[in-house]
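Here are my notes, point by point. Please read them with the model open.

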Amino acid sequence: MGMSAEDEHTMSPKDEEWPEAEKAEKLARGAALKWASGVFYRPEKLEALGQYRSRETQRNNSIQSRLKSTVQSYLEGASAGLEQLRSAAKEVQNVCQDLGAARWALLDSADHFQILQQMRALMAEHVQLASVVKVLPQLFSVHEVFSHTLQLLHEQHLLEAHAELMMLEHLRDDILFQLHLRGLSSAQGTVLSYFSGLQELNESLAKQLWGIVGRSLQLVQEDPVLFVSAVRIIEREEKIDDTLLLDATFLPPGRPKGWRQKFYCILQETITGSHFRTACVDTTGPGLSRHLAALQRDVVTELHVVKDLMVQCVPAHYNILSICTAMYHQALTSHLQDILQEDLDKQALFLLLEWVLHVYHSPVPLLSSSPEMMSHPGLLPEVDVSALGPLISPELVDQTERKYVVKVKASVLEWMQRTLEVEFKEWFREEEPETDHQGFFQSALPVIVVQMLNENIRVASLITGSLQQKVYSMAMEELEAFLGRLREALVQCGKEHQKDRTIPKYYIPYLLAVLNNNLALSSSVPSLHPNTALSEVPVSLRAALDRTQRKACQLLLEELLLDLQPLCMQLPSRKWLFGSQLVSSICEVIDKYAKDFSHVRKPIFMLLLMESERLVTSQYLRALMQKKMVCKSEEERSQLCNRLLQDATQLQELFHGLGLDRSQQSLEAVLALRELICLKDPALLSLEVLGFITKYPDVRPAKDGVMGWLHLGSPPALPSDEHVSTLLDLRGDVSKEVRHMVLEMMAQHPQALPESYQPIFSIILIPAPELPFCLRKGKCA
């Protein structure tokens, strides 16, 4: 169905204002229809339709009556509210009228208010005049009070003087405060000028107070009342400062005074000035020892005074014992740092380290004669310096330890140098070196050196383990350097002996004493190690000891060589070949030296014996290879073989009798060389030479030196044919073809040196071949 325009106009405001109402009504109608169709769908339900209609009619009537009642109550409330609004509007209108009337009344009374303001100003002036009149007697008496206060100060009536001083300051401050409130800052200068005597009084009082504080440790024992008076004055001023600082609107001149802080500063200056002036300290060992002992005594005594007396004279919040302990601790720290800036000797550095690390803190001092200091039973438990930290920093301790090591090093160097100079002079004495109970040559050098090093290491251990380790490392370095200087002295002595073999007279015995001393040093060094469980000789020092031993052995073997060379120069010769006593003479020389070698301890004796045997072998082989002799017949070769066998056997028996086992001897090389010469068929030389170079792979030209154990050069990897060629020449019957075959075989079978092989032939020089001709006798082409 359509809707008319009038209906649309009538419904549109409702739809615009209550769109939800229309929707709710539609939903209600739909729900009712749905319910009714469900209920009255069956015919038997239609009989109850009348009952349902009457029940719904009653319900609608009840709802309408409740709605009417609710709307009526709302309307009555709205009517009462409107009435109250009308009444309030009338009252507001009346108030506005009254305010307007009051405004006009105030405007009419403006002249009367101006009169009241003038009266108020007059009243304020009257109050000020009354105040001025009240304080006039005090103002007039200011200068008199000044004088009286000064007199009280001179008589040391400090509390009375301070009371008058506070009264004057209070008067001045009140006047200044009033001027400050009224903005009359220009008048403040006049007031300050009038009260200028207050500054003099303050300075005079402060001077006396600080003088008392400076003598506080004495006064608490002799006149504690004076000290207590000073503390009370300081506390009064501190309270005034605190009060004024709470109200920061006005701070009088000279405030805050901060006298409590000044009290601590004066106490600190007194402590520092009385004991800790570095310029007055004797920094030598004995002087510093006396100074540290005095510090120890005075600090403990004064802390006892603070603990037993001064604590009772000051307020508890001063914490005076802890403050004084910290002051002494800080003063000592600065004082010791200043002393450490000086160039201190070894003893002074040790005393400082011992005092800082053991005397100052330790309850059980390092030295039994040194009493306790900060751990004194009379100071415990109130004094606890452990909370203040170390007296000097660990870095400074380490730096001081290093300085001490430098000083000890200089001292050790000086002593070692003197010891070496004495030792060097003893080498040139006209008597043999002293012997021990076993007959071994020795001197006092190792005992002096080891005792000196051991004493320095032991003393360092009394301080710290780190210092002991530093001194031990320094001792090992200095001992190594000392061995280097000892070797230089040996070389110098050897040069003097080369110029004249009669100087020194007992050259060999003193060289043997050096070897025994070196062995004694080597056995004593492990005992110097701080950790006995790790007692070992450092690698570099062991090498220095070995070099010293080698140098002394070298000089001894060179001396032996000088005696052997004249005999070896007679080898080989026809006289030697047919029955000379040359080898017997060599044995006599060796036996003589062996008797001298018996004065060294067994390890060195065996070493010298082995090297002597090697020296004899090398010189014997060297003489054979000088191309002085060539066998001209089979008879000569046979005689040569017999002579080589006799000589080698005689020498082997000699060394064996001296204690050198045949397996340790190198004379087997002479017998091996003999086999090359004794071979009947030269065609078999290739096989014989192959066995020879296999057994002695160092058959090559010598590089340098005359003794195998001194050989420093690295021999070439391949054997040379020089030695073999010389040996073939010695036979006298080797053709060029056989020689070429032997050398070619050697080239095809190069030999490498085993690691444990002791060279024999590499130290034997082969003389250069002579040139076939010379153009001129002086210069060869």
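1. Start with helix α22, residues 602–624. Of its 23 residues, 19 are buried, so α22 is largely enclosed by the rest of the structure. Keep in mind that this is a predicted model. The helix reaches 33 Å from its first C-alpha to its last. That is close to the 33 Å expected at 1.5 Å a residue.

2. Helix α23 covers residues 634–658. Its 25 residues should span 36 Å at 1.5 Å a residue, and the end C-alpha atoms are 36 Å apart, which agrees. Just after α23 comes Gly659, with a positive phi of about 115°.

3. Leu640 lies in α23. Its relative accessibility is 0%, so Leu640 counts as buried, the cut-off being under 20%. Leaving aside residues up to four places away in sequence, Leu640 touches Trp576, Leu577, Met629, Cys631, Ile677 and Leu730. Take Cys678 as a distance check: Leu640 and Cys678 are 38 residues apart in sequence, and their C-alpha atoms are 8.5 Å apart in space.

4. Is Asn516 buried or exposed? Its relative accessible area is 4%, so Asn516 is buried. What does its side chain reach? The side chain of Asn516 reaches the backbone oxygen of His599, at 2.9 Å.

5. The other neighbours of Asn516 can be listed too. Not counting residues up to four places away in sequence, Asn516 touches Phe440, Phe441, His599, Val600 and Arg601. Asn516 and Val600 are 84 residues apart in sequence.

6. Now the packing of α25 and α27. Helix α25 covers residues 685–695, and helix α27 covers residues 736–748. Their axes come within 9 Å and cross at roughly 35°. The crossing is right-handed. On the α25 side, the contact is made by Leu685, Ser686, Val689, Leu690 and Ile693. On the α27 side, Val738, Met741, Val742, Met745 and Met746 make the contact. By class, the contact has 9 nonpolar residues, 1 polar residue and no charged residues.

7. Check the cis peptide bonds. The bond from Ile503 to Pro504 is cis, with omega near -5°. Pro504 lies in the loop between α17 (465–499) and α18. The bond from Leu571 to Pro572 is also cis, with omega near -20°. Pro572 sits in the loop between α19 (539–568) and α20 (574–577).

8. Which phi does Gln156 take? Gln156 has a positive phi of about 60°, although it is not a glycine. Gln156 is found in the loop between α5 (142–154) and α6 (158–181). With a relative accessibility of 41%, Gln156 counts as partly exposed.

9. Asn319 is the next backbone item. Asn319 is not a glycine, yet its phi is positive, at about 50°. Where does Asn319 lie? Asn319 lies in the loop between α12 (285–308) and α13 (320–340). At 42% relative accessibility, Asn319 counts as partly exposed.

Note on methods:
Residues numbered from 1 in each chain as written. Predicted model: local features only at pLDDT ≥ 70, side-chain atom pairs only at ≥ 80, totals over all residues. Heavy atoms only, no water. Axes fitted to C-alpha atoms, helices over the stretch in contact; angles between N-to-C directions. Helix = DSSP H or I, 4+ residues; strand = E, 2+ residues; numbered from the N terminus. Left-handed = near helix turned anticlockwise from the far one by under 90°. Contact = heavy atoms within 4.5 Å. Nonpolar A, V, L, I, M, F, W, Y, C, P; charged D, E, K, R; others polar. Buried < 20%, exposed > 50% of the residue type's maximum accessible area, 1.4 Å probe, protein only. Polar contact = N/O pair within 3.5 Å; in protein donor to acceptor, adjacent residues only side chain to side chain. Expected span 1.5 Å × (residues − 1).
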